[in-house]
Amino acid sequence: MGDRGGAGGSRRRRTGSRALSQGSGGPVAAEEEVRDMGAGGDAPAPDKDKDGDDDVGSGHWDLRCHHLQDSLFSSDSGFSNYRGILNWCVVMLILSNARLFLENLIKYGILVDPIQVVSLFLKDPYSWPALCLVIVANVFAVAAFQVEKRLAVGALTEQAGLLLHVVNLATILCFPAAVALLLKSITPVGSVLALMVYTILFLKLFSYRDVNLWCREIRATKAKAKAASSGRAANGGAAHCTVSYPDNLTYRDLYYFLFAPTLCYELNFPRSPRIRKRFLLRRLLEMLFFTQLQVGLIQQWMVPTIQNSMKPFKDMDYSRIIERLLKLAVPNHLIWLIFFYWLFHSCLNAVAELMQFGDREFYRDWWNSESVTYFWQNWNIPVHKWCSRHFYKPMLRRGSSKWVAKTGVFLASAFFHEYLVSIPLRMFRLWAFTGMMAQIPLAWIVSRFFRGNYGNAAVWLTLIIGQPVAVLMYVHDYYVLNHEALTAGA
Ligand SMILES: CC(C)(COP(=O)(O)OP(=O)(O)OC[C@H]1O[C@@H](n2cnc3c(N)ncnc32)[C@H](O)[C@@H]1OP(=O)(O)O)[C@@H](O)C(=O)NCCC(=O)NCCS
């Protein structure tokens, strides 16, 4: 982008000679031609003669207008400033989407309806089952805390502690799932939100247990070392403002972790020195704006496209199905990009700023991914960090191969993706599970056959096309299961 001069600059330096050289082709030009040839034709001849004066025979005028040079689009030219073309792409994108926007408005009118959004969360204004579920989640956090407290003082053996944690963690997954499946008053959207809270709680308490266990192991090793070299002075750790095990076992510390924008527990999180009010305000405004935008785009753009896709699916009209899929890919992808920014930049930064949580690496440059592996390492850092720290590395340390450990992580991730979709929809189709597991062969194919920009394009393509395929599959099955069954019953 900064390469503004480039080849264009070198051309402009020579424009002064144009008027003179066009009119004359005499001895001076001939002399120059000879000199250019003498240089082997590799590069344009220098503008000055051997005495350092201006060109021979032209005084201070340069009579040449042609030089040995490549066209800008040739890769040999080394030209890389395509800023204008990028702007053109943006202008074209805005124009074509403005047309789509108008077409959509003419066809469907205004579909955005904030009241309808409320009905997605609540069936009955006097019954808030999802919120009740979220409040009950505290019980499991407190249970994990109490187990850790007893383990720290040796009131529980490690085996008994492990058993209690396993029961607690299993209940965290089973209890909300049972409620979501059995309770008729809970809506699918309310159910997704409650299950997400429970999934996050599961991952956090898993990490909480692991880190406290590691601390106990370190404490035991230190105690042995201390006993071996008794009399050596303490290292003065108490003078630091850091917390050491088991002083971290307080409700304040637990709840700081539960609300902090991370899934990995630490005794001493890095903290930012103060709350930046303007930064926080910007993030809050972004949250508000992008929430509205996402809801508007889903109601106005995605829902009608999905509804129009049902007939081709019913008739098994493949060409129309593909056409619908490609049509859905645009709003779906746009909403996903907005969702990414909304969640990973606006929301997590707002929470982090409020809590003075210092580590703001919630995402890395996944948009430059040239491989599927790079994408999964960089798009969702909280989940990737948890997977790597609490699942992948422990498996490697126990002697599993990298391939087995990676497959294990993707299996767990596939399970949670399916859990978050199937239970709220009360429909088990395994599309999300398959989509996640397909990442392993996909990663191999992309790394084997595509490199550089082609690899990057392949990653974008899988993101743009893969997601609407899964969305259409679920919506189609949900539609068939609920609406067609109802019509048949009527
Ligand atoms: C599975 C996954 C964790 C693998 O991560 P990866 O970075 O590709 O794995 P790598 O083999 O390159 O190494 C990861 C870490 O293990 C370490 N490691 C490698 N071999 C090791 C060994 N034998 N023993 C201990 N550690 C080892 C590496 O040093 C590296 O450490 P670092 O992260 O501190 O640098 C990652 O692909 C992932 O997070 N996948 C799931 C993502 C997901 O489901 N996200 C859901 C988002 S909605």
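Residues are numbered from 1 along each chain as its sequence is written. In this predicted model local features need pLDDT of at least 70, side-chain atom pairs count only at pLDDT 80 or more, totals for chains, interfaces and linings use all residues, and side-chain values use heavy atoms, with hydrogens and water left out.

**Exercise 1.** Decide whether His-345 is buried or exposed, and list what His-345 touches.

Step 1. Locate the residue: His-345 is in helix H11, residues 318-355. Helices are DSSP runs (H or I, at least four residues), numbered from the N terminus.

Step 2. Apply the cut-offs: buried means under 20% relative accessible area, exposed over 50%, partly exposed in between (1.4 Å probe, protein chains only). His-345 has 16% relative accessibility and therefore counts as buried.

Step 3. List contacts (heavy atoms within 4.5 Å). Leaving out residues up to four places away in sequence, His-345 touches Arg-283, Glu-286, Phe-340 and Tyr-363.

**Exercise 2.** Find where helix H13 bends, and which helices its buried residues pack against.

Step 1. H13 spans residues 381-397 and bends by about 40° at Ser-388. The bend is the angle between axes fitted to the seven residues ending at a residue and the seven starting there.

Step 2. Buried residues of H13 include Trp-386, Ser-388 and Tyr-392.

Step 3. The buried residues of H13 pack against H8, H11, H12 (372-378) and H14 (402-425).

**Exercise 3.** State which residue follows just after H13 with a positive phi.

Solution. Gly-399 takes a positive phi of about 100° there.

Key. Helix = DSSP H or I, 4+ residues; strand = E, 2+ residues; numbered from the N terminus.
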